[in-house]
Amino acid sequence: MPSKFLIILTLILLFLIKARAQDPKLDSIALNLNRYGLKSTQSNLFVHFDKTVYTNNDQVWFSGYLLKTIANLDDYHTLYLSLINNIDSSVVIQDKFLIDKGFAFGSLTLPDSLPGGSYRFVANTNIKKGNQPDGEFVQPVTIRSTTINPLTANISIFKAYDEQSKNGTALLKILSGDNHFVENAEIKYQIGKDKQKLISGIAKSSVIGELMINFPADKITPHNNLLRISVKKGKDVRYVTFNLPVRNLSNYKIQFYPEGGYLVDRLLSKVGFEIKDLEGNVVKAKGILYENDIPIDTLQSNSTGLGSFSIRPQSSKKYNVKLFGHKEEDTSYNLPAILKNGVVLSAGTAIAENDFRMHLEANNNQKVHVLVHNFSDIFLHTRLMLAANKSQSIRLKLDSVPIGLNAVTILDSNYRPMAERIFFAHYDQLNQTELSADKKEYGTRDQVNLKLNVTGKNNSSVVALVSVSCTQANRISVGNHQNIIDYFYLQQYLKPLPKHPIGLKYIDQDYLNDVLLVKAWSRYKWPETLVDNDKTKLTNFEYRGEITRRNKPLDKPIELTTIAGENLNFLNTDSVGKFNLPFANLVIKEPKLPVWLGMTTAKYDLYKVKINNPEDEIKKYLVKQNLEQLNVKGSVLIEDNQSLSSITGTRLKEVTITKKRDERIEFVKNSYVNRCGDYVCMNNILNCPNHMSDSGNKIPVKGEVYVNEIGLAVMYHGCVEPESKPNVILLKGINLPKEFYVSDITNKNEPINFSTVYWNYQVKVNGETPISFNTGDLTGNFKIVVQGVSDGGVVYGEKEIVVRGK
């Protein structure tokens with residue numbers, strides 16, 4: 001009777017004992033854990049941008065937050081921000097900003113000559129781990145531009161395969177901006193990825209603007225099928241990339257993820273799966289599961305390309321999946337191998353509050369260890385005896401487990417991993433941001449009054465430091481917009497996350513369950529021997545220099561001076577002429593002004609100064625990176641008519657590249673802007689942000705008095721472009737935050753057409769906090785976004801308001 005009672009009754013275990021106090025063997029396991037899984041070996045950096053869709057000549061506002069550091073917080077002092085063109089990873093803008101106590105705030109202006117297309121901002125800190133920047137954050141953005149390139153280039157497949165030559169042929173067509181053929185354009189092309197270069201060549205377009213490019217079709221693989229082309233005609237250049245088709249390869253890929261890690265003979269398992277095309281885009285599709293070629297179940301992925309099914313496999317049988325579709329029905333995707341002996345772990349949900357519930361089942365009697373950890377620390381541990389083919393229910397009490405992603409790992413009696421499951425602990429304790437507005441709709445040049453409050457555990461108010469933006473809703477792309485909660489708890493560990501229809505991933509528990517079943521799946525490949533902790537040396541990106549005299553090292557130190565506006569400093573080289581510039585010497589209030597580095601010697605013509613610019617080092621690193629896109633587009637493989645959608649169309653990415661003389665912002669060349677980019681608008685405002693590139697502007701006159709953007713009278717001192725002299729070197733300074741320009745709503749003659757009507761980078765929230773700002777002349781939907789940090793974790797909130805014309 002007692003044994004039968006034990007079979008029927010669910011076994012509930014409460015794990016309350018710290019692992020390391022119980023079993024010394026787990027100390028070595030803990031050291032092994034921190035090299036795998038959720039343990040981050042880099043600083044966590046998040047940057048809040050005011051929007052994700054910009055125009056050329058637009059102002060970019062941002063706030064950066066160091067969420068975790070691997071060095072002392074005071075060692076982080078510079079944020080390097082780079083704008084990169086996605087088409088060829090060229091760095092088009094670089095700037096640097098001060099990090100103070102883990103926060104960085106700043107703004108920059110996009111060049112008016114910047115071509116439209118897909119770009120990404122990449123932020124790095126000044127700390128370097130090994131040869132790589134520590135703390136990297138990537139924000140994809142779209143830039144809409146009025147810059148027109150007279151060249152257009154398109155690629156298509158003319159012939160996929162020729163039986164005689166064994167080649168395929170790609171057709172390049174080049175047209176002018178007014179759709180005329182471009183003859184004799186200079187063309188350079190290369191087929192291959194990274195170091196796998198198949199062929200390259202140089203050619204010219206025909207009289208009808210075409211070029212046939214043959215490629216060895218039998219040698220094209222998913223690892224070398226990238227065709228890169230540059231087209232040049234006169235001063236105009238166009239870059240194009242295209243993925244060549246791969247022969248005898250399925251158009252789609254399916255990966256299977258058994259819950260817990262493996263399929264086990266005759267044990268019921270939940271299997272997650274993900275369907276993508278060859279471009280890495282998620283696919284919504286239907287398929288059939290076969291057992292020894294007999295259909296036993298159907299499956300379907302959702303709009304994120306994810307899905308799941310249940311199966312009780314037998315090791316003596318073969319299992320595979322076929323997708324619906326006239327081209328895919330002959331392609332079979334095999335399920336993973338089936339273990340003859342093992343443990344299956346299953347959880348109804350991976351979203352936990354104060355406890356996490358799961359089931360364990362083994363197909364043989366065995367003793368196991370159950371661990372709860374975050375791949376850095378072990379929080380809970382117990383031993384458990386599993387009876388063959390008897391499911392045992394377990395409840396893990398999470399009092400000592402931190403909020404966020406954690407893992408349950410099952411070890412055998414010899415401490416070898418057998419099953420693993422990622423779950424989200426204390427989901428109910430995520431910070432909540434309340435945003436309430438005084439009205440549902442506002443007029444143009446109207447005042448918006450908000451009340452902001454952040455609550456944490458038990459709905460108690462928490463103190464937070466946040467940035468707040470209010471931007472036209474169409475300037476925030478759902479696919480590219482990132483929020484700090486998704487990033488901090490999910491995205492930095494699970495890359496790439498499938499996109500979500502509303503953009504906010506953490507609020508959708510069904511989405512989280514799908515993702516944690518698939519994206520966190522690792523099959524627990526831990527090392528079997530003890531590994532050392534990561535001891536990679538931490539260094540700094542910094543200005544380093546060397547001075548020589550008559551091309552020889554110095555025999556005594558020389559004094560140097562740095563002038564960064566009002567920031568004057570002195571330093572000495574060492575005895576052989578080497579020196580480092582402290583970051584404090586480079587901090588400058590006015591971003592247009594350079595930092596002057598000078599030698600205090602009369603015989604400067606005998607000396608030479610060599611400077612190592614850290615931005616050049618970062619640029620070389622970024623150009624080599626093939627940064628993964630945060631979100632991939634989705635497609636539908638199967639419609640109601642059960643036919644495959646075509647994927648043989650042109651896949652084209654293109655952008656205009658213009659020659660860049662230096663790193664200064666290039667302004668429109670006209671009669672109303674001088675070479676320094678200074679102008680006076682019709683209202684006598686110097687460099688008025690409302691009238692960039694306005695035809696009514698005029699060139700400012702040296703000695704004349706104008707009004708600046710905040711209404712104060714200023715004298716214009718003229719445009720003097722600083723030039724390096726034999727004893728002076730010009731360097732780019734580290735920028736301080738710039739205050740957001742607040743328009744005068746009472747001036748009816750001054751249009752207010754900013755897409756971002758409010759930006760505040762350092763708002764302290766302590767209980768209900770009021771915020772007020774004014775709308776401009778633009779109407780439509782505007783989105784208010786709040787992001788930041790608090791004592792109880794990260795903070796995010798958003799709200800839409802409507803602005804109507806009066």
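Student: Is K286 buried, partly exposed or exposed?
Tutor: The model is a predicted one. In it, K286 is partly exposed, because its relative accessible area is 30%, which falls between the limits of 20% for buried and 50% for exposed.

Student: Where does K286 lie?
Tutor: K286 belongs to strand β22, which covers residues 286-291.

Student: And how many Å apart in space are K286 and L299?
Tutor: Their C-alpha atoms are 5.7 Å apart, and 13 residues separate K286 from L299 in sequence.

Student: Now the surface. Which residues form a positive patch?
Tutor: R549, R550, K556 and K603 form a positive surface patch.

Student: Where is K556 placed, and is K556 buried or exposed?
Tutor: K556 sits in the loop between β41 (552-553) and β42 (559-564). K556 is exposed, since its relative accessible area is 58%.

Student: What makes up the nonpolar patch of about 380 Å²?
Tutor: That surface patch is made by I563, L568, F570 and W596. Of these residues, I563 is in strand β42 and is partly exposed, with a relative accessible area of 36%.

Student: A change of topic: how many disulfides does a search of the whole structure find?
Tutor: The search of the whole structure finds zero disulfides. A disulfide is a covalent bond between the sulfur atoms of two cysteines.

Student: Are C470 and C681 buried or exposed?
Tutor: C470 is buried, with a relative accessible area of 1%. C681 is buried as well, with a relative accessible area of 2%.

How values were computed:
Residues are numbered from 1 along each chain as its sequence is written. This is a predicted model: local features need pLDDT of at least 70, side-chain atom pairs count only at pLDDT 80 or more; totals for chains, interfaces and linings use all residues. Side-chain values use heavy atoms; hydrogens and water are left out. Patches are made of residues with over 30% relative accessible area and no salt bridge: like charges are joined within 9 Å, nonpolar side chains (Val, Leu, Ile, Met, Phe, Trp, Tyr) within 5 Å. Accessible areas come from the Shrake-Rupley method with a 1.4 Å probe; for residues, only the protein chains shown count as cover. A salt bridge is a side-chain nitrogen of Lys or Arg within 4 Å of a carboxyl oxygen of Asp or Glu. Lys and Arg count as positive and Asp and Glu as negative; His and the chain ends are not counted. The place of a charge is taken as NZ of Lys, CZ of Arg, CG of Asp or CD of Glu. Helices (H or I, at least four residues) and strands (E, at least two) are DSSP runs, numbered from the N terminus. Buried means under 20% relative accessible area, exposed over 50%, partly exposed in between (1.4 Å probe, protein chains only). A disulfide is a pair of cysteine sulfur atoms within 2.5 Å.
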